[in-house]
Amino acid sequence: MSTAVMSRAVRRRWWWFLWSVLVVLAIGIAVYFVTPYVTGGSAVPIDKNIVGYYLSLVVHSVPAGLTLIIGPWQFVPRLRARFPRLHRVLGRVYLISVVAAAAAAAYSTAVTPSGFALQVAFTMLIVAWLYTGFQAYRTIRGGQVQLHRVWMIRNYSLTFAAVTLRLYLLLGVQLFPSVPFKDVYTASGWAALLGNALVAEYFIIHRTLAPLARRRPRAETTTSEPPQPAAPGR
């Protein structure tokens, strides 16, 4: 077996491993944090005295949980090729859920008691979430499949901020017990937003754009080769 084949096999195994971790975390966080809202509780402290605050979080949690669970399956090439209609239906459900979750999050962000710094982070997240979702929809409607995938990577990285924020929050509370919860929450929000955006761009450049750039010179070289002269007749 050649080194190139082994390298592809190793990359494929790493891809499936990371994808599996993504799915487990997405489903786990969705179930752990959405379920309490649906049953009238909360996995984190919530000030229910603020008018509409808790309700907006409940309305946000259900479609946001759907986006977390649906997203990873949309990136599996084999599933896209085998079930294209299901891919399109789930894509529509995903984007509608993004809009619904973002609308509810806009209100909860406006009234959150966690402070201005976190409001700025959440506002940036909401705007970027809606913008990348719109670009993903626009590009697929225009038949620009590769650009659609790029924008969906960006969009889901922002969706997955719901997971990384809570991981940072749980870790921060354990490592810094003397730091106020509000400060740990704010730092976790910013880390999730910026960290996920950077990871998405790294993945796009090295796993999506770089292979295309490597294939393009080879294709151009092949098409630019001058035609071979015909053999002279006898």
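Predicted model: local features only at pLDDT ≥ 70, side-chain atom pairs only at ≥ 80, totals over all residues.
Student: What percentage of the residues is buried?

Tutor: Of the 234 residues in the protein chain, 35% are buried. The chain exposes about 14600 Å², and 69% of that is supplied by carbon and sulfur atoms.

Student: Let us turn to H4. Why does its end-to-end distance agree with its number of residues?

Tutor: Helix H4 covers residues 84–111, which is 28 residues; at 1.5 Å a residue it should span 40 Å, and its end C-alpha atoms are 41 Å apart, so the two agree.

Student: Which residues of H4 are buried?

Tutor: Among them are Tyr94, Leu95, Val98, Ala101 and Thr109.

Student: And what covers the buried residues of H4?

Tutor: The cover includes helix H2 (53–70), helix H5 (116–141) and helix H6 (145–159).

Student: Now the pockets. How much space lies in the second largest pocket?

Tutor: The second largest pocket holds about 810 Å³ of space. Its lining consists of 40 residues, and Leu57, His60, Phe122, Arg166 and Tyr185 lie nearest its centre.

Student: Which helix gives the largest share of that lining?

Tutor: H2 does, with eight residues. Helices that each supply at least two residues include H1 (3–38), H7 (161–175) and H8 (181–224).

Student: How do the lining residues divide into nonpolar, polar and charged?

Tutor: In the lining of the second largest pocket, 27 residues are nonpolar, ten are polar and three are charged.

How values were computed: Residues numbered from 1 in each chain as written. Heavy atoms only, no water. Helix = DSSP H or I, 4+ residues; strand = E, 2+ residues; numbered from the N terminus. Expected span 1.5 Å × (residues − 1). Buried < 20%, exposed > 50% of the residue type's maximum accessible area, 1.4 Å probe, protein only. Contact = heavy atoms within 4.5 Å. 1 Å grid on protein atoms, 1.4 Å probe; cavity = no way out; pocket = protein on both sides within 12 Å on 5 of 7 lines; lining within 4 Å. Points joined across faces, edges and corners; volume = space filled by probe spheres on them. Nonpolar A, V, L, I, M, F, W, Y, C, P; charged D, E, K, R; others polar. Areas by Shrake-Rupley, 256 points an atom, 1.4 Å probe, with all protein chains shown as cover.
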